[in-house]
Amino acid sequence: MTPVSENPLLEASFLQRLQRLQLLVRRPLPGQWKGEHRSPKRGYSVEFADFREYSPGDDLRYVDWKAYGRLDRLYLKQYVEEEDVYVLLLVDCSRSMRFGQPTKLLFALQVAAAIGHIALCRFHRVGAGLIADGKVIWMRPVRGKQSLIPLLRFLGSPPDARSTVLAESARQVANGWKHRGAVYLLTDLMDEHWQDALRTLLARRHELTLIHTLSPQELRPDLMGDLLLVDSETGETREVSLSASALSLYQRALQQLRDDASALCGHFGGNYLLADTSQPLETFVLREMRMRGVLA
Amino acid sequence: MRFLAAWNLLWFLPVGGAILALYILRLRRRRVEVPAVLLWTQVLQDFQANVPWQRLRKHWLLVLQLLAALLLVLAVAQPYTRAWMYSGEAHVLVLDGSASMLATDVSPSRFEQAKALAREYLQKMPPGDQAAIVLAGARPRVLCGLTVNRSELFRALKSARPAETGTNIAESLALAAAILTPFAAPTIEVFTDGGFAEPRDVDTGRARLQYHTVGSRAENAGIVAIDLREDQNAPGRFDLFAVIHHNSEREQRYTVELWRDNNLADAQEITVPPKSEAPVLFRQLIPTDHPEELRVRLDTRDALACDNTAYVVLHPVRPLKVLLVSKGNLFLETALSLDPRTSVEKRTSPPSAEESGRYDVVVYDNIEPASPPAGHAVLIGVIPQWLPVVPLQAVENSMVVDWHHTHPVMRYVDLASVRLSKATPVLPQAGTETLAEASEGAVMVSLQKPDKRWLLITFDVTTTDLPLRVAFPVMMLNALRWLTAPSESAERGLIPAGGLAVIPVPGEREKVTVRLPDGKTAEVSVQDGAAPFEDTLQTGFYRCPETGYLFAVNLAQREETELAVHSYTSQTGTGASAGLRKVLARREWWQWLAGILLAVLALEWMMYHRRW
């Protein structure tokens with residue numbers, strides 16, 4: 001574990017601004033304790049949900065006496081339960097994420113920390129996993145604002161990994177994280193089997209938000225001429241002769257990747273965001289994520 | 001296919017090797033680390049999907065470059081084939097490059113318009129026809145020999161420049177006819193203003209002669225004659241004589257200025273009658289102690305500028321020392337002493353070479369010199385064996401029948417009916433010039449060498465009535481002047497533009513330089529103590545800095561000043577009617593190879609930059 005930055009991941013002033021925000025989780029998710037998010041369970045909130053026939057032992061306070069007067073049968077009013085949400089922050093720590101200025105990894109960890117802080121402020125349960133070399137390094141779920149420090153400490157020291165192996169990591173997440181909840185995956189998708197990984201996570205009926213983290217060098221590569229490209233993770237090389245037409249082919253391939261990822265997430269009710277690391281963190285979190293319905 | 005320069009094919013080895021070396025160097029790729037090559041792999045797959053021979057792409061570039069090198073080397077080797085080609089006609093374009101073509105009555109000048117006409121003619125010439133270009137000036141000059149290469153012809157035409165000389169059209173046409181001798185139905189196209197007498201007696205052979213006339217009617221005035229002569233009444237002083245000619249139909253007044261060494265010395269107003277000429281005389285000019293440049297300038301602006309100024313050199317006058325070797329000849333002694341600047345010494349025996357070197361002229365009167373004189377000499381009544389003349393049988397009671405009227409010695413001399421009671425006529429050989437002849441042979445001969453001149457009078461003057469005539473002292477006076485001023489005509493500016501100037505060069509120089517009127521210099525080889533200089537195409541003063549020799553060149557030609565425009569009728573040649581005929585000719589292919597080379601280079605460039 002090596003600190004990703006000498007400075008704290010998030011500034012105190014920024015943390016303060018984040019306190020006013022909340023996570024937008026669309027689907028009802030089961031929680032453990034009473035919270036602010038709609039749960040699939042029936043409970044005792046003020047929001048009416050349904051009727052059901054009375055059965056002995058039910059609390060008579062919830063009998064709908066007006067219906068009894070009209071129908072001469074006992075019906076019980078049911079209300080929506082509101083619980084906390086299990087929030088999982090998954091950050092890809094592979095070598096490819098160490099590109100860019102700031103590095104994609106730092107940017108992803110800062111975004112993860114921001115989401116975690118918002119979730120803790122709303123009394124959700126927040127867990128984290130750092131994906132490295134096909135393994136996941138876990139942080140057990142924590143709750144409450146006081147848990148921010150351990151969370152930041154965990155995110156501040158990512159492993160010095162080489163490759164991603166995203167599909168294998170996703171399988172470990174699916175097996176190791178039993179709570180259905182909101183999963184935030186921050187990765188550059190530089191893995192041949194990224195679709196398998198996403199399908200594995202989505203099959204668990206998590207509400208998946210994919211934050212596709214890319215540096216400007218990947219979004220708008222400034223390369224031309226005869227080059228020998230070296231893969232930072234595998235050391236694999238490719239001889240290319242780059243020209244305007246080759247770059248346009250690259251842009252087309254990149255756009256195809258984004259479209260596929262977005263379509264896959266959308267199909268399973270997930271969310272897709274592109275994070276350009278050249279933009280300021282505040283702009284991305286406070287503006288982009290709110291505009292894309294991840295935060296409110 | 002054969003090659004004109006086959007050894008140039010060897011150049012392919014170094015050139016091809018260099019390309020291969022450069023190609024290998026160019027393949028060193030820059031190493032760039034990227035987060036992942038995943039997306040780039042897809043790009044390469046797309047490349048390969050689009051172009052099946054993508055792998056060969058770089059090899060294609062190499063192949064194209066080697067092909068370009070091969071084409072270049074082949075072109076340099078000048079491949080050719082022999083093929084039967086249709087040859088319609090051969091043309092010689094004769095471009096009048098005389099002074100009148102400098103006239104600006106048409107824009108920009110007659111010469112430029114003639115060039116434009118010639119260019120148009122070449123453009124319309126049928127393919128396969130050959131053409132040559134001759135520039136007609138004082139001496140005709142071939143600017144471009146017969147060729148089918150149009151660009152070569154256009155280049156020659158572009159480089160053509162007119163000279164401030166007259167036109168020797170007859171010689172130019174003869175040259176053109178000579179060029180066209182092998183052809184059956186050639187044509188000679190003359191681009192001119194027609195400012196010359198129609199050359200009717202020139203035989204152009206089979207060639208058809210056609211004139212293309214340029215120019216219009218333009219008023220012009222110019223100096224058509226100039227001369228500088230010693231005033232007979234004031235020895236040591238000179239009269240400058242010039243003739244102003246104009247072609248205007250109205251009487252015109254002109255100011256004629258005399259400039260001495262760039263200082264205005266005199267000016268005269270003269271009136272020239274319509275289409276006529278008028279003389280102007282600047283009298284009694286006193287020479288200074290150095291050769292002086294005299295310019296006579298006609299103050300007018302007209303179509304031709306180069307005839308408005310005439311040039312002449314005024315040399316300082318120096319006393320003459322004459323040695324008369326004679327047993328007594330009163331007539332001769334008197335005639336030689338007439339000029340007060342001449343001091344005459346007498347003796348009865350021939351001088352030694354050292355003694356004769358102290359005199360400007362040695363006159364041998366019936367006394368034969370022991371050896372050929374080292375300096376200027378007059379030989380009277382003796383015919384030494386070393387002279388290049390063949391003595392004929394002596395005659396009695398003969399008579400002078402003809403003499404060289406224009407020779408400086410014979411100026412103002414009338415030898416009509418001079419009786420010779422006793423004379424030995426001679427047969428002049430090469431290098432001599434006959435000045436007077438009797439019916440039996442030459443009786444007066446001049447001989448000119450670069451450093452000396454001799455005058456031979458084959459009869460004893462006392463046995464004739466010549467000494468009793470006015471002609472005798474005049475002739476002797478002329479003879480002294482001619483002998484002591486070897487290049488008198490040149491010094492007085494009587495060299496016509498385009499004529500030959502002989503520059504005397506004392507010492508052992510091999511080359512001398514001549515500074516032209518426009519400031520440029522030319523180098524001339526020295527032969528036998530003289531440098532023949534032919535490049536007198538500009539009017540003005542020419543100076544030889546090494547020897548200080550100065551001479552003047554003038555246009556002074558009425559035909560050029562007249563600026564007449566004549567349209568002469570075409571003449572049909574005696575050749576067969578124009579028609580195509582087959583000839584076995586050499587066809588060169590390097591132009592095609594050069595074109596393909598350009599296309600290959602363009603393709604290579606596109607492949608390299610577009611990354612197909």
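Visitor: In this predicted model, what share of the contacts in chain B with a separation of 6 or more comes from residues 24 or more positions apart?
Guide: Chain B is made up of 12 helices and 34 strands, and 37% of its 612 residues count as buried. Among the contacts in chain B with a separation of 6 or more, the share that comes from residues 24 or more positions apart is 69%.

Visitor: What is the strand order of the open sheet of five strands in chain B?
Guide: Its edge strands, each pairing on one side only, are S6 (141–147) and S8 (208–213) of chain B. Neighbouring strands of this sheet are turned by 15° against each other on average, when direction is ignored. The pairing is mixed, and the order in chain B reads S6-S5-S4-S7-S8.

Visitor: Which residue of S6(B) is the bridge partner of B:Leu135?
Guide: Strand S5 of chain B, residues 130–136, runs antiparallel to S6(B) and is joined to it by four bridges. Within S6(B), the partner that bridges to B:Leu135 is B:Arg141.

Visitor: At about what angle does helix H6 of chain B run to S5(B)?
Guide: Helix H5(B) packs on the sheet by touching S5 and S6 of chain B, and its direction makes about 170° with that of S6(B). Helix H6 of chain B, residues 169–179, lies across S4 (90–96), S5, S6 and S7 (187–192) of chain B, and its angle to S5(B) is about 160°.

Visitor: Is B:Ala156 buried or exposed?
Guide: B:Ala156 is found in helix H5 of chain B, which spans residues 150–159. Leaving aside neighbours within four places in sequence, B:Ala156 is in contact with B:Ile133, B:Leu143 and B:Cys144. Because B:Ala156 has 20 C-beta neighbours inside 10 Å, and 20 or more is the cut-off for this class, B:Ala156 counts as buried.

Visitor: Why are the buried residues of H7(B) on the same side of the helix, and what arc do they cover?
Guide: The buried residues of helix H7 of chain B, residues 330–337, are B:Leu332, B:Ala335 and B:Leu336. They lie on the same side of H7(B) because the arc that they cover around the axis is only 95°.

Visitor: Which helix of chain B do the buried residues of H7(B) pack against?
Guide: These buried residues pack against strands S16 (320–325), S17 (342–347) and S18 (361–365) of chain B, and also against a helix, residues 471–484 of chain B, namely H9.

Visitor: Where is B:Gly529 placed, and how many other C-beta atoms lie within 10 Å?
Guide: B:Gly529 sits in the loop between strand S30 (521–525) and strand S31 (530–533) of chain B. Not counting residues up to four places away in sequence, B:Gly529 touches B:Pro450, B:Asp451, B:Pro504, B:Val505 and B:Pro506. B:Gly529 is partly exposed, as the number of other C-beta atoms within 10 Å is 16.

Visitor: Which element supplies the largest share of the side of chain B that touches chain A?
Guide: In chain B, 20 residues are in contact with 29 residues of chain A. Strand S2 (30–34), helix H2 (38–50) and helix H12 (590–610) of chain B each supply at least two residues of the side that touches chain A. The largest share of that side, eight residues, comes from H2(B).

Visitor: What is the bridge partner of A:Leu228 in S2(B)?
Guide: Strand S8 of chain A, residues 225–231, and S2(B) run parallel and are joined by five bridges. In S2(B), A:Leu228 has as its bridge partner B:Arg31.

Key
Residues numbered from 1 in each chain as written. Chains lettered and ligands numbered in written order. Predicted model: local features only at pLDDT ≥ 70, side-chain atom pairs only at ≥ 80, totals over all residues. Buried ≥ 20, exposed ≤ 12 C-beta atoms within 10 Å, placed from the backbone. Contact = placed C-beta atoms within 7 Å. Pairing = 2+ DSSP bridges. Arc of directions from axis to C-beta. Axes fitted to C-alpha atoms, helices over the stretch in contact; angles between N-to-C directions.
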